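Hi,

Here is the structure I promised to pass on. Have a look at it first, and then read my notes below.

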Amino acid sequence: MPAWEKLEKQTICIAFREWKDVESLTMPSLEEPAYVIDKIGRSCKKLSELKIMTPCDILFASALVSFLPNLKVLSVRCTELSKPALDILLEGLKKLKVLNISHCIITKDLPPHAPMKILAELDESILEKASRLGKFLTFMSDLCIMCQRTGNDEGFMRWYKYADLWKVDEVKSLAI
């Protein structure tokens with residue numbers, strides 16, 4: 001999908017009404033993710049795989065559970081993902097078989113205006129909920145260049161900044 005900020009809401013709605021048979025979708029950053037997920041859920045009944053590249057908070061996770069309950073594969077790589085949102089996804093997406101949260105910044109749920117608190121590792125409650133999945137892909141390391149970039153970009157990956165930096169060796173290291 002193109003960058004959403006370049007499309008009007010009406011254009012997005014028209015596009016999804018035409019894509020009734022879409023099964024897999026990769027979406028860049030979203031300005032109003034809950035609105036877009038609602039429109040996808042109403043139009044794309046066959047959608048089973050979704051890759052998103054935008055921060056995932058409680059509202060977004062709740063929209064995914066409400067409007068796309070049949071998702072089997074979800075990738076939320078290289079972005080900010082709140083622990084409560086991760087809980088919602090793991091508990092609410094009953095048909096989910098694969099969840100990829102590699103290179104994410106996992107944050108604690110804190111009061112508004114509190115500084116962001118990043119989890120260094122996933123706790124036992126998350127691992128227990130994820131144990132029902134066929135695949136739960138995670139990777140968080142201060143040594144990983146993609147994890148560093150996600151952190152530097154504060155969970156809102158600015159891919160355009162890195163376009164000139166890609167090298168064959170670096171691409172191999174991103175295979176996770």
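**What I found**

Strand S5 (residues 98-100) runs parallel to S7, and the two pair over 3 bridges. One of the residues involved is Asn 100, whose bridge partner in S7 is Leu 137. Before you go further, keep in mind that this is a predicted model.

That pair belongs to an open sheet of 5 strands, ordered S1-S2-S3-S5-S7 and paired in parallel. Strand S1 (24-27) and strand S7 (135-137) sit at the edges with a single partner strand each, so one side of each has no neighbour in the sheet. On average, neighbouring strands here are turned by 5 degrees against each other, ignoring direction.

Now the helices. Helix H3 (residues 58-67) and helix H4 (residues 83-92) have axes that come within 8 Å and cross at roughly 10 degrees. Angles under 35 degrees count as roughly parallel, so H3 is roughly parallel to H4. On the H3 side, the residues in contact are Ile 58, Ala 61, Ser 62, Leu 64 and Val 65; they meet Pro 84, Ala 85, Ile 88, Leu 89 and Gly 92 in H4. Sorted by class, this contact has 8 nonpolar, 2 polar and no charged residues.

As for the whole protein chain, you'll find 7 helices and 7 strands, running α-β-α-β-α-β-β-α-β-β-α-β-α-α from the N terminus. Of its 176 residues, 41% are buried. Among contacts between residues at least 6 apart in sequence, 67% join residues at least 24 apart. The accessible surface comes to about 10100 Å², with 54% of that belonging to carbon and sulfur atoms.

Cheers

Notes: Residues numbered from 1 in each chain as written. Predicted model: local features only at pLDDT ≥ 70, side-chain atom pairs only at ≥ 80, totals over all residues. Heavy atoms only, no water. Helix = DSSP H or I, 4+ residues; strand = E, 2+ residues; numbered from the N terminus. Buried < 20%, exposed > 50% of the residue type's maximum accessible area, 1.4 Å probe, protein only. Contact = heavy atoms within 4.5 Å. Areas by Shrake-Rupley, 256 points an atom, 1.4 Å probe, with all protein chains shown as cover. Axes fitted to C-alpha atoms, helices over the stretch in contact; angles between N-to-C directions. Parallel < 35°, antiparallel > 145°, perpendicular 65-115°, else oblique. Nonpolar A, V, L, I, M, F, W, Y, C, P; charged D, E, K, R; others polar. Pairing = 2+ DSSP bridges.
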